[in-house]
Amino acid sequence: MNDTATPLLGVRGLTLDIPMSSGVLHAVRGIDFDLHRGETLCIVGESGSGKSLTSLAIMGLLDKNIRRSAERMEFDGIDLLSASRRQMRSLRGDRIAMIFQEPMTSLNPAYTIGDQLMEALRLHRNVSREKARARAVELLEKVGITAAASRLGQYPHQLSGGLRQRVVIAMALMCEPELIIADEPTTALDVTIQAQILSLLVELTREMGVAMILITHDLGVVARVADKVGVMYAGELVETGPAADVFGKPLHPYTRGLLRCIPQPGKTQRGAELGTIPGIVPSLIGDVQGCAFRTRCPHAIDACRDAIPERGTPPHEFLCVHPDGARAAEGEPA
Amino acid sequence: MALQRIADPLLEEITGPNPRQILRKRVTGHAGLLFGVGVVLVLLIIAILAPVLAPHDPYAQNLANRMVKPVFMGGTWEHPLGTDHLGRDYLSRLIYGARVSLLIGTVAALISGVIGTAMGVAAGYFGGKVDAVVTFLINVRLAMPVVLVALAVVAILGGSLQVVIGVLGLLLWDRFAVVMRASTLQVRRREYVAAAQAIGASTPRVILSEIMPNIANNLIVIVTLEMAHAILLEAALSFLGLGVQPPTPSWGLMVSEGKNMMLFEPWLVLIPGIVLFILVLAINLMGDGLRDVTAPENRS
Amino acid sequence: MLQFILKRLGLAVLVALTVSFISFSLLFLSGDPAAALAGETASGEDIEALRRVYGFDRPMLVQYGEWLWQALQGNFGESYYFKLPVASLIADRLSVTMTLGVCGITFALLTAVPLGVAAAIKPNSLIDRVALFLSVAGQAMPSFWFGLILIVLFGIQLGWLPPSGASTWRHFIMPTIVLGYYAMPAIMRLTRAGMLEVLNSDYIRTARAKGAGEGRVLFKHALRNAIIPVVSLAAVQMGFMLGGSIVVESVFALHGAGYLAWESIARNDLPTVQALILIFSMFYIIFTFLADVLNAWLDPRMRSS
């Protein structure tokens, strides 16, 4: 990794506010990250931590009532903040593709999968139906669907969830994008299918050199596929860094808590209790001051109520005032 | 629990307003509902107090004083809304007409409500053959043209208030049956119904104490909407001369009687029509408002 | 799919038979149809004679069977009042009613669907409020009164349109508006609700993520799904409208089947009334049957099962 080169996607200070009747909900609060070509960034966190909103913000697909602001948000030199709707539209599906969580509902029930695959290509490339069809067949085969040509005429309801998600992946790859954002692409599938789909996705992105933002709450997945990890809590990236560093030497108490929640081969004793993080995620409505994790943090001190400076040495950074943050990590049992 | 009991602003506001406060806030914030309830209440009071409020006898003819213009068109306060083609005071007839409309609307909606609810709840609760029969009957009922059948029956049996109420009551149960069937289907799958059945409650008891209270919201909404429907139909039947018979003051009949003089005295048609429109509008807004306020999907 | 059609067809036939029995039974609602036919001044002998001529002395089910058998062959008997075969009487008048019905539902769809879509795109906007106002007003508007107001305003005061009759297409404008406005609110509300639901669905987000433009998202991806339930509703409304044409036709003196129904009811012309109730019911049954089939065909989930 070379963080000095211009990244494919650079985000600085991304903030998302949702006006509600009881006040403004600060759903995402000033997050920064860089993603280079071919890299896989995994964003982990509990539901409601702002992971999905972040991905929609990059795509420019947020609901109209959500206010987006940032210091910088660039994709390959294109300023996504000032891009016109037309510019965004030409990026979406062509250079940035997205895969959603629910394969059962993310395909249009009224059209055949062939129509939907071909549409993805023909929206951006001036190609004939025959060429689009050939490309669709090629990609269906690539995602491991047998009898691809005959599948084109089928409707989404005729396919199983796993097959549908393969179709969605094929659709995302139709235009050979440079970046794929996958928002919990396997959560809605059977456990046995999850692994297949995930390895397929990772394999294809590696093979085609596509950068990927993978949003998940499954740390086991992250450990296997991530180059970089971003841990999100209550709208902030509380820890970012290369996967090996974050897993090997977690610096934020929340990251450490999360890691204790999954069994690790060789480290977790048989019969030992897995950790839990007590408490609930705080409300983000109104002004949020200080560290949002402090009400659940075992190390909380008075200073946690003030603004939290970014600490650590790039590329491994974290948000915590705890003076012993780094040292405590080493001292604690994993 | 490691949850620290520190006074921290992040932990505040976990307790929200209680359901009754939410409901009150929603009711007072719903302009349509407030307007609907207000207008219906006012018209209800006017209908009840008709003998006190009406300035004249609604049946008293005065052929020397026919079609006096309303006060805003140059008439006098003696007849604020003028007189009709037989010299009867228009305001008094309008006031007594409110009685006819509200009576027909309420009683017809009650009759059809009882029929439709019984059918719908039975279909939803028992399912199987009962459901098939009820669904079939709903289909048959929907296939019959309401206005035509009502007119034919009224023509055969004679146009009295009772006949009109009876015919409408026997015809307008379809929406009750459809909605109550769907609501019952939804409710009967809930755990508390299974729990009641498990402790050995009898079927009527389960229906009355577990099902009915949970579908009452929807029932009230349909009652209001069907009331409006019945009032409109009565007006149409009376307008066509086969509903309430003269000299009874019915708003539909008043439009019909004013129709012949419409070219010269359009207010004869305008006034009863506007009142009818406002009443039906108010009842509909009340029904829509009740649905908005009580709909489970709106509960936070 | 074929199985669905056959099952649905069987239901339609059964409903039609039941309705035919009910409309036939109306004749006996008065107690003695012969006495009703003969009028109040008739003597007992006259009534007896009539009873035998019309066959009222036979058991009701036999009479129903014969009436149904004749009706299936297009013979609805002779009108008591016009002294003409009921079938030809109705056939003459039906074209006016059908024209009115088709114009009415077209008008309703052409106003309700665009309004519903526009309202769903921008909830709580001005256009949403206008649409809501129009639908709330439409549901409360007595159609006979609305018709009279239009006649006074456009037919007489402004003199733009002929106030009554059916001789030119201009005669149909006001009745079309009145009848269409009756069906509009329900269609508008369903379109709006359907579009709102569909626009929030995952596959719309997928379409946007593919880079589809708003027009394509709205019309190709969203409306195609939201319109499916509207088709059924339009068919139901069309059935209701034909039944409701009796009011509109009498207001505008359009001599269609609805007007004929009104005349026959007022004149106790029972064979005509029976036949009209049956025919209007049949229209409803046919429309809803066709709508269900069309619906099943529009919805791939049903088409392939």
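In the predicted model, Ala207(C) is a buried residue, having 27 other C-beta atoms within 10 Å, and its place is in helix 9 of chain C, which comprises residues 202-209. When residues up to four places away in sequence are left aside, Ala207(C) touches Ala212(C), Val217(C) and His221(C) as well as Asn108(A), a residue of another chain. Trp297(C), by contrast, counts as partly exposed, because 13 C-beta neighbours are found inside 10 Å, whereas 20 or more would be required for a buried residue.

Helix 11 of chain C, residues 257-266, is largely enclosed by the rest of the structure, since eight of its 10 residues are buried. The buried residues of this helix are Ala257(C), Gly258(C), Tyr259(C), Leu260(C), Ala261(C), Trp262(C), Ser264(C) and Ile265(C). Their cover includes helix 5 (86-121), helix 10 (214-251) and helix 12 of chain C, together with helix 6 of chain B. Just after helix 11 of chain C, a positive phi of about 55° is taken by Asn268(C).

The contact between chain B and chain C takes 35 residues from chain B and 34 residues from chain C. On the side of chain B that touches chain C, two or more residues are given by each of helix 5 (128-143), helix 6 (146-157), helix 10 (203-239), helix 11 (251-259) and helix 12 (267-294) of chain B. Helix 6 of chain B supplies the largest share of that side, 10 residues. By residue class, the side of chain B that touches chain C divides into 30 nonpolar residues, four polar residues and one charged residue.

In chain A, eight strands form an open sheet of mixed pairing, in the order 7-8-9-3-10-11-13-12. Strand 7 and strand 12 (310-313) of chain A stand at the edges, each with a single partner strand, so that one side of each is left without a neighbour in the sheet. On average, and with direction ignored, neighbouring strands of this sheet are turned by 15° against each other. Helix 10 of chain A, residues 253-260, lies across strand 10 (228-233) and strand 11 (236-242) of chain A, and runs at about 105° to strand 10 of chain A.

Within this sheet, strand 8 of chain A, residues 179-183, is largely enclosed by the rest of the structure, because five of its five residues are buried. Leu179(A), Ile181(A) and Asp183(A) point one way from strand 8 of chain A, while Ile180(A) and Ala182(A) point the other way. Strand 8 of chain A runs parallel to strand 7 (residues 96-99) of chain A, to which four bridges join it, and Ile180(A) is the bridge partner of Ala97(A). Strand 8 of chain A is also parallel to strand 9 (residues 211-216) of chain A, with five bridges between them, and here Leu214(A) is the bridge partner of Ala182(A). From strand 8 of chain A the chain crosses through helix 7 (residues 191-208) of chain A to strand 9 of chain A, in a β-α-β crossover that is right-handed.

Note on methods: Residues numbered from 1 in each chain as written. Chains lettered and ligands numbered in written order. Predicted model: local features only at pLDDT ≥ 70, side-chain atom pairs only at ≥ 80, totals over all residues. Buried ≥ 20, exposed ≤ 12 C-beta atoms within 10 Å, placed from the backbone. Pairing = 2+ DSSP bridges. Right-handed = clockwise from strand over helix to strand, strands pointing away. Contact = placed C-beta atoms within 7 Å. Nonpolar A, V, L, I, M, F, W, Y, C, P; charged D, E, K, R; others polar. Axes fitted to C-alpha atoms, helices over the stretch in contact; angles between N-to-C directions.
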